[in-house]
Amino acid sequence: MTIAVADKKSLFMEAKNGMLLAEHLDTGRFHSVLIPFFHGIGDVVMVLPILDALRAKYTDIKIDLGLCRGLDQDTFVPDAVLLDGDWQEKCLTFGYDLVFPLHFPLERIADTTKTKAEICCELEVGIPPVCGHKRLTAKKLVGVNFQMTSIPWVANAEPEVAEKIWNDIKEAGFVPIETLFQHVFHNPTNERYAFVDTHVRACTPKIETLMAVLNSCHAFVGTVGGNFHMALSVLGPQRVLLLERDLKAGHFTKSNIATADLKNYTGEVKAFLSSLNA
């Protein structure tokens, strides 16, 4: 969510000004609050139970968490307000009644009886100590392989088609990961396509690692080759789609697996993944 600039002036306060956040909210003066929170992923995860506790206590107040734009943290906080580096200069025009940043004080090295979140509740928020890790739902991986080592000209997906397939996996609600390891027999013609941003090419090529990666995937989509055959054995034929070019499924398996024609691709991958969720 992006911020909407309004004419209304907000009140900017911090705990160091003398009142904790809950003390402000208890006055009944505020109906919308922005909590800017410029911290790393760990602190953001830890503050979520505090945010839930505040929303549960003050049900009549809109309470938004402001996160730094560009850090990808809105992936697991989709309702966050994304803020730029100059938010402090602009926050009074955001349209909230109150802007109250949390600085999330450091843990006390000599005291393990209170977590960092509990210290924040004590020193900044003003609610009974809250501590925990909210259960988050993660997208599932789909293993992908677009290239064949030995005879790539009869199997490889052209970059334009491969990118469509990569994007179809994302649009189906999954995270694609290229499973091509650059092993001792790696074919140098099989360069990584520019759009492939998640892969294992820099990992030490070990078969046990390949098997572990495939086992972590919800499904596999790829051209024929070692990864394809391993995926059939690790995931089973119901979760494997073969990207066919000149080589076809019937050349390698009697199982009734899903396929897509690389020479005439029409979105079969998205349909295949959707069927697995049905």
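Which residues line the largest pocket?

Reply: The model examined here is predicted. The largest pocket is lined by Asp 72, Thr 75, Phe 76, Pro 78, Leu 136, Thr 137, Ala 138, Lys 139, Lys 170, Phe 174, Val 175 and Pro 176. By class, seven of these lining residues are nonpolar, two are polar and three are charged. The space within the largest pocket amounts to about 420 Å³.

The second largest pocket holds about 360 Å³ of space. Its lining consists of 19 residues, of which Phe 181, His 183, Leu 210, Gly 226 and Asn 227 are the closest to its centre. Two elements, H6 and H7, each give two or more residues to this lining. The largest share, three residues, is that of H7. In the lining of the second largest pocket, eight residues are nonpolar, ten are polar and one is charged.

Helix H7 itself spans residues 226-235, and its buried residues are Asn 227, Phe 228, Ala 231, Leu 232 and Leu 235. Viewed down the axis of H7, these buried residues fall within an arc of 140 degrees, and therefore they line one face of the helix. Gly 226 and Ser 233 are exposed and lie on the face of H7 turned away from its buried side. The cover over the buried residues of H7 includes strand S6 (141-145), helix H6 (207-215), strand S8 (217-222) and strand S9 (240-244). After H7 comes Gly 236, which has a positive phi, near 90 degrees.

Technical notes
Residues are numbered from 1 along each chain as its sequence is written. This is a predicted model: local features need pLDDT of at least 70, side-chain atom pairs count only at pLDDT 80 or more; totals for chains, interfaces and linings use all residues. Side-chain values use heavy atoms; hydrogens and water are left out. Buried means under 20% relative accessible area, exposed over 50%, partly exposed in between (1.4 Å probe, protein chains only). Helices (H or I, at least four residues) and strands (E, at least two) are DSSP runs, numbered from the N terminus. The arc is that of the directions from the helix axis to the C-beta atoms. Contact means heavy atoms within 4.5 Å. On a 1 Å grid over the protein atoms alone, a cavity is a set of points where a 1.4 Å probe fits but cannot get out, and a pocket is an open set with protein on both sides within 12 Å along at least five of seven lines; lining residues have an atom within 4 Å of a point. Grid points are joined across faces, edges and corners, and a volume is the space filled by probe spheres set on the points. Ala, Val, Leu, Ile, Met, Phe, Trp, Tyr, Cys and Pro count as nonpolar, Asp, Glu, Lys and Arg as charged, and the others, Gly among them, as polar.
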